Amino acid sequence: MLIQEQSRPGRMATAQAPLDMADVSDLPAGLRRKTRAALPEVSELQAVRHYTRLSQKNFSIDTHFYPLGSCTMKYNPRACNSLASLPGFLARHPAAPESHSQGIMACLYELQDMLRIVTGMHAVSLAPAAGAQGELAGVMMIRAYHDARGDTARREILVPDAAHGTNPASAIMAGFEVREIPTGSNGDVDIAALRDAVGPQTAGIMLTNPSTVGVFDCNIQAIAATVHEAGGLLYYDGANLNAILGKVRPGDMGFDVIHMNLHKTFSTPHGGGGPGAGPVGVSKRLEPYLPVPLVVKDGAAYHWQVEKDRPESIGRMTAFGGNMGILLRAYIYARLLGAEGMRRVSEYATLNANYLLARLSNAGFTLAYPERRASHEFIITLRKEAKEHGTNAMDFAKRLLDYGFHAPTTYFPLLVPECLLIEPTESESKEALDGFVEALIKIRAEAKDRPDLLKQAPHTMPVRRLDDVRAARQLDLAWRQAQAQD
Amino acid sequence: MPFIPHTEADVADMLAAIGADSIDDLFDEIPPELRAKGLDGIPAGLPEMDVARLLQRRARADGEPLCFIGAGAYAHHIPAAVWQITTRGEFYSAYTPYQAEASQGTLQVLYEFQSMMTALTGMDVSNASLYDGASALAEAILMAVRANRKTASKRVLVPRSLHPSYRRTARGLVGNQGIELVEVDFDPSTGTTPVAQLEAAADDGEWAALVLPQPSFNGTLEDVDSVTDWAHGRNMLVIGVVNPVALALLSPPGEWGSDGADIACGEGQPLGMPLASGGPYLGFLTCKQAFVRQLPGRIAGRTLDAEGKLGYTLTLQAREQHIRRSKATSNICTNQGLLVTAATIHMAILGGEGLERVAAACHANTRRLTALLCEIPGVEPLFDGPVFHEQALKLPAPTAEVLRALAAHDILGGFDLGAEYPELDPALLVCATELRTEEEMLAFRDLLLEVLGARG
């Protein structure tokens, strides 16, 4: 039942609002609202019980193994939340003077610095609010760089066909055209196709490495040379930074600009769809264009740099300079890990992925790239199972929910049919991984003997499989509107 | 090892299963010359108690000054239940609800949020959040240019009385797509941007949209009905930029003029989010039904499951980047889901009447503060006319100096309007929400009197 359907006229959580209705009769009637907004009228307990119960209908890292490829669903340390929620941090107004901001500015400055070092870049801005905004900031800087040089014919961004959808969408938002580059049979970028594609129109390439197919592109140096020789810049999509954190640095691979997903690699939570944070790092030649604000240090004092201090900046991405509470969580996580801990992240994420890959391969599942090492994630294809039993990757995914495992990413990347993209992360134990393998083996047996069990899965969730076609055709997007339609 | 559960025996077993000698061997496809040499400059890891000590010291260093700044971020009471429930692991550590059956909690919250936002704004549909108010406005502008079928114009009228950071953010985010934002000055005596002002600024050519903030950055209230009708008469779409708490008192965008605003967006922070240095907040974006396929971002819909039971799922995904790639309505992916959860619980607990009491108290407190401060010689309202919960004041001394002197006594006295609008200098924008007490406002008046008096 919706909270709106529990509403009763005249009921309210009396303790939570001012005792009286203050006089507002000076406001002109013509500007006033005529009828009160139809928000729920419920008691505090009703609200608390309702939302607590709703929470229990979710899978989450805190309750389930969540091997969602490309999403880095690792443990979100509770200290990151509680320390970022200290009263001094929560109460600070974004326009508070620097005299009352040195504490948080110290954290932000040190975070800029640690991210700069661990990625091997020249400078970092924490401004973008999420990964896709980091991508947009990145390609905007590429555009600003070429424009500042009068090199305005460079209007094309190259994007591998396996890339996240945000890459081409971000390039379009920055005013570029997009050209796709095919992926070779071993999962690496098709270097011959890349050589054919570059030219005086090339502004840059957006690359994820390790890529979305779960392998480290062995040709990265050749790719960097090809694009740079053509006059383009290299953009690193940090979606998979967890795979190489502290082991390999994008700056050393030749990238000019990168974004990081702190809600992935630095374990700030995913929150059921955000908030994220997508800091950008740049090489020296792109530094003037970094989005504002930045924190700089002068002696013992920290200062903001904003538009007037950085006239060539691409500007600000949000009104107040970013998702500060998320940046604090990432800072706390980085201090808990330290340099050694960061390196261990990629080592154990890679160990877990390769262990899962080995066990699933031994159990007879088909690997998409059997000759390759897994990075922190890998792909199995259920094409054989689909053909033999009529059970597709989505059926396996839904049945996994019944076994208490969140499904891996399904049907992405698009170029591998019936695929599951599996990312266990470093924070899962061997027992959890073994349990997942056992479940997949059992489900495969079910696919053979009782395929309907999969096709009708899940059986144990709060709802059965949902009718997405109905959802899109008979739009029901808000309760009030739904009542009007009835 | 922090947050890594492996024992030495586990590692040995796992490497044996893989057929590798060491963890390092697993990186053997990476060219050796690319391997990082070291991470000099990154400190060693610390146990939680040491990190806690450091963070507590830093949080204390910033203090908890008495704050009369608004300017787009507002301190309100947040019921304790809001964040205790929001940070339950099942909400906090879940992913975007792509696997709908295992995400009914988050999905139903999104649907309830959308329902509440349409009730508050009087619009037909809402998405499930964007990053913040400013980036939501940028998306609203892109959407309006796409959606306005009556013109191919990419020009948008933007009052100069819109939040300066919103103007900057929007300009940066839409500028690369050939969209021109043309600024319109406000009337210097009223602070508002009435039809006459807009008529003077808008040439006879075509325009895609008008941005209409209510209240405006300088605190004043626009005659939204006449402005909306004027813009519609010129075939512009109207984008309302609204404060959700103010909407408990003020006419909702869906009812502006004869036909209502076409799109309404804004900053959701006043609905249960702490100030927190500026984020994470949430941008909301609502619109008329006709434009639903132009909405960017996630949208939750209600549907039926295989047994005919009601359930919730993300819908209209063909608008989004993971399906449409370069043809998507926006690049947005991760948005502000956890803040949506907080805002939904906040609105459920306060209800329509609670929110109205909050808004009325903010309005009354700001009037009281204005009266108190205007007892001081040389301090007076900058504009005639009503405000919601922010008042622009003329000061008899340079604002930055005054604010510095106040801050030295732990009072943040407001926003320096002259820094953004030189013609208004010296001027101060003050805000007193429902949290500010009579004693606090008196303390502000007394200190301001002292600071100004000390200047002779």
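**Entry 1: a pair of strands in chain A**

I started at A:Asp237, which stands opposite A:His259 in strand 6 of chain A. Strand 5 (residues 233-238) and strand 6 (residues 257-260) of chain A run parallel, and four bridges join them. Before going on, I noted that this is a predicted model, where local features need pLDDT of at least 70, side-chain atom pairs count only at pLDDT 80 or more, and totals for chains, interfaces and linings use all residues. Residues are numbered from 1 along each chain as its sequence is written, while chains are lettered from A and ligands numbered from 1 in the order in which they are written. Helices (H or I, at least four residues) and strands (E, at least two) are DSSP runs, numbered from the N terminus.

**Entry 2: the whole sheet**

I then looked up the sheet, counting two strands as paired if DSSP finds at least two bridges between them. In chain A I found an open sheet of seven strands with mixed pairing, in the order 1-7-6-5-4-2-3. Strand 1 (123-125) and strand 3 (177-181) of chain A each have a single partner strand, so one side of each is left without a neighbour in the sheet.

**Entry 3: helices across the sheet**

Here I needed contacts (C-beta atoms, placed from the backbone, within 7 Å). I also needed angles, which run from 0 to 180 degrees between the N-to-C directions of axes, lines fitted to C-alpha atoms, for helices over the stretch in contact. Helix 8 (residues 220-229) of chain A lies across strand 4 and strand 5, at about 160° to strand 4 of chain A.

**Entry 4: one side of a helix in chain B**

Which residues of helix 12 (residues 399-407) of chain B are buried? I found B:Thr399, B:Val402, B:Leu403 and B:Leu406. They are on the same side of helix 12 of chain B because they cover an arc of only 95° around the axis. Buried means that 20 or more other C-beta atoms, placed from the backbone, lie within 10 Å of a residue's own; the arc is that of the directions from the helix axis to the C-beta atoms. These buried residues pack against strand 13 (411-412), strand 14 (415-416), strand 15 (427-431) and helix 13 (438-454) of chain B.

**Entry 5: where the chains meet**

Last, I checked the two chains: 175 residues of chain A are in contact with 162 residues of chain B. Helix 10 (residues 324-362) of chain A gives the largest share of chain A's side, 21 residues.

Methods: A residue is buried if 20 or more other C-beta atoms lie within 10 Å of its own, exposed if 12 or fewer, and partly exposed in between; C-beta atoms are placed from the backbone.
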